[in-house]
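Subject: Structure handover

Hello,

Here is the structure for you to look over. My notes follow it.

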Amino acid sequence: MPARTGRPPRISRADIVAAAHRVIEADGVGGLTMRRLAKEVGSTPMALYHHVRDKEELLLLLLDEYAAGLPRPDLPADPRERVVVVALAMRDGVAGCPWAVDVLRADDLLAVGALWYPEKIIDAALGAGLTAERAVHLYRIIWHYTAGEIAVRAAAGRRREEGGPTYRDQVFAGLDPAVLPRLAELGGRWAELTAEDTYELGLRALVDGLLPRPGQTATG
């Protein structure tokens, strides 16, 4: 069959965004390049630049598209519970798109549509008596905890999908009770215990430690 000649097929921004999703699903954010994307849509890198300026703009489009569908739950009146409810919704939303954590952890790119979450957490923290500075610190601590939780669980999930015993399984199976008695005793249940969802438990501990109790004055 003769090689195809002439102009590459016409593509739209929607085609590019859809193709970028496929590339990220297959190869992660690191595998997303304009050259790889052009191959995915059957075009040239130069043709892509008529629709997106660069990879950074493309990632912003992907983030905003995803953020538009994130849940916004009804919020309780109590500021402490409001922080918890918003943070849980943020975790659940971002967990559905683990690659977003890799982008957002750089602390530069962000999804404007997802700013509802820090807005509501900071507002609740102010309502609980924190200063603006401490309210921002509270949000940042919660976000770091959330991003770490999602990243670790996503990596563990990918490892489990590969099948077979993990290196951790092998290590825990051979622990010497005389040296590490507690871990040796728990070794057979370690995978089960560490797979449990403890996000809310940790979240509430953070909120309890960082927000003043009713009648208590915030310090620092």
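Buried means under 20% relative accessible area, exposed means over 50%, and partly exposed lies in between (1.4 Å probe, protein chains only). Helices (H or I, at least four residues) and strands (E, at least two) are DSSP runs, numbered from the N terminus.

Some ground rules first. This is a predicted model, so local features need pLDDT of at least 70, side-chain atom pairs count only at pLDDT 80 or more, and totals for chains, interfaces and linings use all residues. Residues are numbered from 1 along each chain as its sequence is written, and side-chain values use heavy atoms, with hydrogens and water left out.

Confidence

pLDDT is the predictor's confidence in each residue, from 0 to 100. The chain has a mean pLDDT of 85. In it, 90% of residues reach 70 or more. Helix 12 has the highest confidence, at 96. Helix 6 has the lowest, at a mean of 78.

Helix 12

Start with helix 12, which runs over residues 199-210. It has twelve residues. From first C-alpha to last it reaches 16 Å, close to the 16 Å expected at 1.5 Å a residue. The expected span is 1.5 Å times one less than the number of residues.

Which residues of helix 12 are buried? They include Tyr199, Leu203 and Val207. These three cover an arc of only 60 degrees around the axis, which puts them on the same side of helix 12. The arc is that of the directions from the helix axis to the C-beta atoms. An α-helix has 3.6 residues a turn, so residues three or four places apart point the same way.

The face turned away from the buried side carries the exposed residues Leu201, Ala205 and Gly209. The buried residues of helix 12 pack against helix 5 (79-95) and helix 8 (132-161).

Helix 12 also holds a charged pair. Arg204 and Glu200 meet in a salt bridge (3.0 Å, N to O). A salt bridge is a side-chain nitrogen of Lys or Arg within 4 Å of a carboxyl oxygen of Asp or Glu. The two residues lie four apart, about one turn of the helix. Arg204 is partly exposed at 29% relative accessibility. Glu200 is partly exposed at 33%.

The core

A nonpolar core is a set of buried Ala, Val, Leu, Ile, Met, Phe, Trp, Tyr and Cys residues joined through side-chain atoms within 4.5 Å. The largest one has 56 residues. Which of them touch the most other members? They are Leu37, Trp99, Ile121 and Ile142. The elements that give two or more residues to this core are helix 1 (13-27), helix 2 (34-41), helix 4 (55-67), helix 5, helix 6 (99-104), helix 7 (116-127), helix 8 and helix 12. In soluble globular proteins, nonpolar side chains tend to be buried together.

Look at Trp99. Contact means heavy atoms within 4.5 Å. Leaving aside neighbours within four places in sequence, Trp99 is in contact with His21, Ile24, Glu25, Val29, Leu59, Leu62 and Leu63.

Other salt bridges

The structure holds 13 salt bridges. One of them joins Arg22 and Glu40, with the closest N and O atoms 2.8 Å apart. This pair links distant parts of the chain: Arg22 sits in helix 1 and Glu40 in helix 2, 18 residues apart. Arg22 is partly exposed at 42% relative accessibility. Glu40 is partly exposed too, at 28%.

Arg53 and Asp54 form another (3.6 Å, N to O). Arg53 is exposed at 54%, while Asp54 is partly exposed at 27%. What links Arg13, Arg53, Asp54 and Glu57? They are joined in a network of salt bridges.

Glu149 lies in helix 8. Is Glu149 buried or exposed? At 13% relative accessibility, it counts as buried. Leaving aside neighbours within four places in sequence, Glu149 is in contact with Arg91, Asp197 and Tyr199.

Gly157 lies in helix 8. Gly157 is buried, at 17%. Its C-alpha atom is separated by 26 Å from that of Leu37, 120 residues apart along the chain.

Ser43 sits in the loop between helix 2 and helix 3 (45-48). Ser43 is buried at 15% relative accessibility. Ser43 and Ala184 are 56 Å apart, C-alpha to C-alpha, and 141 residues apart in sequence.

Best wishes
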